[in-house]
Amino acid sequence: MTEKKQGFLLRALLALFSLGIIGVIFGLAAAGALLHYFGRGLPDIGDLAHYEPPIVTRAYASDGRLLASFSTQNRVYVPFASIPPRVIDAFLSAEDKDFYRHAGIDIPGIIRAAVFDITHPHHRKMGGSTITQQVAKNFFLSDKVSYVRKIREAILSFRIEQAYTKDQILALYLNEIYLGQGAYGVAAASLKYFNKPLDELTLEEAAFLGALPKAPNNYNPETHYAAAVERRNWVLGEMAKNGYITQAAAAAAAQKPITLVRPDGHQVVNYPYFAEEVRRKLDELYGEKALYEGGLLVKTTLVPRYQRLAIAALRDGLVAYDMRRDGLHSKPLAHLDVADGKWKLPLAQVKLPPGGDAFTPAVVLKSDAKRAVVGFADGTKGVIPYDGMKWAATHGVPPRTVAALLQPGDVWLTAPLADGKEGGKEGGLPVYGLRQVPKVEGGMVVMDPHTGRVFALVGGFSYEMSQFDRATQAERQPGSTIKPFVYLTALENGFTPATLVADEPFEISQGPGLPEWNPKNYAGKYLGLVPMRIGLERSRNLMTIRLANDVGMDKVAATVEKFGIMDNMPPLLSMSIGAGDVTLLRMAAGYAAFANGGKKVTPTLIDRVQDRYGKTLYVHDSAPCPDCGPLIAWRGQATPVIPDTREQLDDPRYNYQIVSMLEGVVQRGTGILLRNIGRPVAGKTGTTNDSKDAWFIGFTPDLLVGVYVGYDEPKSLGPRETGSRDAAPVVRQFMMAALKDVPPQPFSVPNGIDLVRINEMTGTRAKPGDAKTIIEAFTDGDEPGDEPTMWTGHAVTPVSNLTHASEGVDTGLGGLY
């Protein structure tokens with residue numbers, strides 16, 4: 001080659017090299033410009049280091065079963081170290097098999113996916129996004145498909161890979177990814193689909209979860225079973241291809257069905273009134289964001305057995321009233337063709353009314369004058385006799401015959417009758433009664449009187465019918481349940497349970513221009529001068545009003561407020577017999593102080609709250625115990641003494657006197673329905689004007705039960721409908737069942753109390769031959785003598801010392817005539 005040609009070639013090579021260098025420089029500059037352009041305004045990936053995803057708040061019953069979950073996203077966070085290898089292997093095989101080898105973007109994988117998608121247009125698209133890219137998209141970008149988003153996604157992926165380890169990135173992905181049916185993250189999905197923690201998943205279950213990220217709704221076994229199995233088996237094959245499992249293991253797992261497992265009654269409980277009250281309290285304490293995204297762990301006071309019994313007792317009580325008073329106000333749920341015998345499936349598909357799940361729907365197969373044979377969705381049959389449906393009056397007129405109301409093909413609500421013939425059977429068939437969802441409503445609270453822990457709370461007949469909670473939200477007149485606080489105030493001001501009080505008619509001026517007030521007893525009858533105890537046991541309005549007037553309504557109001565029943569109670573005499581408004585929960589908490597010796601308790605449905613890291617945020621029992629601790633070794637030292645820091649609301653002696661009088665309510669008074677339940681019980685009925693509200697608060701030394709019955713739109717429950725008739729039976733049914741195996745305990749008698757046998761009607765010390773005597777509780781020095789005593793306005797004085805002519809003597813009538 002000539003020298004001239006060699007020079008030309010050299011210059012050409014130098015020119016090409018220069019152009020190449022310039023091209024590289026321009027290319028780098030262009031790339032830098034693109035990176036700068038598309039990288040502007042990208043989020044700070046440093047936020048991932050403080051990853052706190054929205055996770056579910058869970059509330060548990062006292063026995064550990066799940067009561068409720070509150071969340072915007074159903075997620076349970078698990079650290080990477082707690083995720084089993086087979087779950088990781090399944091997701092890597094399905095989503096990004098080269099995850100641990102690429103730098104955020106898998107160029108060969110993108111090319112491989114593009115070629116496959118072009119050459120296999122009818123197959124499932126492979127996709128080319130790495131797990132890192134999915135993290136970038138899920139945390140920082142939208143789902144909008146565009147080249148701009150893909151470039152920004154790539155830039156973020158490079159940054160993430162430089163800032164975090166592969167395990168950290170994978171942990172973010174596995175906790176954030178949506179896997180269908182409302183489940184976010186692998187832990188929540190494991191619970192949702194298979195009701196088990198991650199470490200208990202089988203190979204085929206782990207592979208199924210790994211199959212979900214691409215399109216969880218398309219692989220839902222409940223709606224697309226074949227597609228779900230095919231996708232799962234593909235994941236199993238990929239796991240074998242990548243060396244995570246053997247081909248034999250993959251083949252064996254591929255033969256297994258996908259069996260979804262839902263939580264059952266051994267793991268969850270469904271008591272929505274209780275759960276909603278817990279939710280309201282958590283929202284009040286921590287706010288909406290912490291409630292729905294903070295992952296709080298909440299231990300509630302709910303005792304499921306008590307809750308179940310309370311629901312049954314309240315529903316039975318409301319249904320009993322409805323049948324007694326409201327007559328038939330419902331219609332058949334549906335009409336089916338029963339002639340061909342193919343009624344089971346149509347019956348199972350009949351839609352129940354709200355609250356109808358408390359009963360069993362049945363179709364009438366045949367009926368005559370005396371009975372109807374009914375069928376149930378499971379194919380069994382029963383009989384409704386006339387006695388089981390005669391309550392179903394229309395305009396006050398009961399049906400003449402069974403067939404007059406129950407026609408073949410009609411679907412009605414029913415309930416089994418325990419008192420049917422032959423032990424609940426008639427003609428070999430179980431006996432049922434006709435039922436309907438009642439109009440009347442009510443509430444119920446079951447509480448530990450020593451701590452205020454609410455064991456059960458029922459806010460109405462059915463949460464489906466109404467979310468309004470009649471135990472915590474309804475403010476209704478308490479009627480005579482307020483009276484014990486009047487009598488306690490009297491005891492604190494010089495009265496004794498044996499002090500005579502006039503049960504006689506009177507009038508009182510209500511002020512200029514207002515008519516005279518003429519309060520009356522419930523039955524309009526009067527007992528004359530009788531011991532104060534009688535006034536509480538028999539719920540005498542006139543005696544209570546006289547007491548309130550004698551001691552002063554300002555003092556009565558102070559007592560009511562001190563016990564937490566009401567705030568700012570007006571000092572009006574009508575308030576002494578229950579004219580104010582109060583919730584059932586507050587009334588129950590007030591009575592708890594009677595049961596526990598006079599200690600103030602704050603009702604609570606929550607025992608403890610912890611944050612997502614296990615730090616305790618709230619504990620109801622906050623009594624100090626410096627010598628307590630989880631790591632204290634026992635070396636023969638004494639058990640730590642926990643001081644009682646509860647506020648003492650009254651003198652324990654007067655408190656016990658009220659308890660004794662409330663025991664008398666059950667033994668001889670308006671609460672006599674509970675007399676024979678086999679244990680000491682105290683309580684008080686309550687009935688408001690026109691019988692619009694019916695109450696009963698009853699308690700043993702360790703358990704308190706409160707019940708309210710009434711209409712949401714206040715109206716009379718009807719003549720002779722009282723707390724004794726409508727509310728007390730509910731308390732009795734609950735206590736009989738709940739305390740069946742609990743040994744009875746007497747109420748504790750405090751120091752300073754003398755128990756003396758007295759004449760029930762005169763309050764004097766009992767004498768031989770007295771017809772009616774009782775054991776009465778007196779404070780030391782106040783024991784009775786042989787003469788009855790009454791209040792003079794200043795002291796308890798023997799009646800023989802009182803003469804209307806005596807100057808300066810107050811008869812105790814307090815200006816009421």
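In strand 18, which residue is the bridge partner of T300?

Author: It's I606 that partners T300. Before we go on, residues are numbered from 1 along each chain as its sequence is written, and side-chain values use heavy atoms, with hydrogens and water left out. This is a predicted model, where local features need pLDDT of at least 70, side-chain atom pairs count only at pLDDT 80 or more, and totals for chains, interfaces and linings use all residues.

Back to your bridge. Strand 5 (residues 297-300) runs antiparallel to strand 18 (residues 606-610), with 4 bridges between them. Strands here are DSSP runs of E with at least two residues, helices are runs of H or I with at least four, and both are numbered from the N terminus. Two strands count as paired if DSSP finds at least two bridges between them.

That pair belongs to an open sheet of 5 strands with mixed pairing, in the order 2-1-5-18-19. Strand 2 (66-70) and strand 19 (616-619) sit at the edges with a single partner strand each, so one side of each has no neighbour in the sheet. From one strand to the next, the twist averages 15°. Helix 11 (residues 272-286) packs on this sheet and touches strand 1 (57-60), strand 2, strand 5, strand 18 and strand 19; its direction makes about 45° with that of strand 2. For angles, axes are lines fitted to C-alpha atoms, for helices over the stretch in contact, and values run from 0 to 180 degrees between N-to-C directions. Touching, or contact, means heavy atoms within 4.5 Å.

Strand pairing turns up again around strand 10 (residues 410-416), where 6 of the 7 residues are buried, that is, under 20% relative accessible area with a 1.4 Å probe, protein chains only (exposed is over 50%, partly exposed in between). Strand 6 (residues 334-335) pairs with strand 10 in the antiparallel sense over 2 bridges, and A334 has V411 as its bridge partner. Strand 7 (residues 360-367) is also antiparallel to strand 10, joined by 4 bridges, with T360 opposite T414. Strand 13 (residues 432-435) is joined to strand 10 by 4 bridges, again antiparallel, and there P416 is partnered by Y432.

Now for some helices. Helix 20 (residues 584-595) packs against helix 21 (residues 652-668) at about 105°, with their axes 8 Å apart. They are therefore roughly perpendicular, a label for angles of 65 to 115 degrees (under 35 is roughly parallel, over 145 roughly antiparallel, the rest oblique). Helix 20 brings Y591, A593 and F594 to the contact, while helix 21 brings N655, I658, V659 and L662.

Together with F699, F594 has the most contacts inside the largest nonpolar core, which has 86 residues. Such a core is a set of buried Ala, Val, Leu, Ile, Met, Phe, Trp, Tyr and Cys residues joined through side-chain atoms within 4.5 Å. Helix 20 gives this core its largest share, 10 residues. Leaving aside neighbours within four places in sequence, F699 contacts several residues, including Y591, F594, V659, L662 and F747.

One last stop is Y656 in helix 21, which counts as buried because its relative accessibility is 10%. Not counting residues up to four places away, Y656 touches F747, S748, V749, P750, I753, L755 and A777. Y656 and F778 are 122 residues apart along the chain, yet their C-alpha atoms are separated by 9.6 Å.
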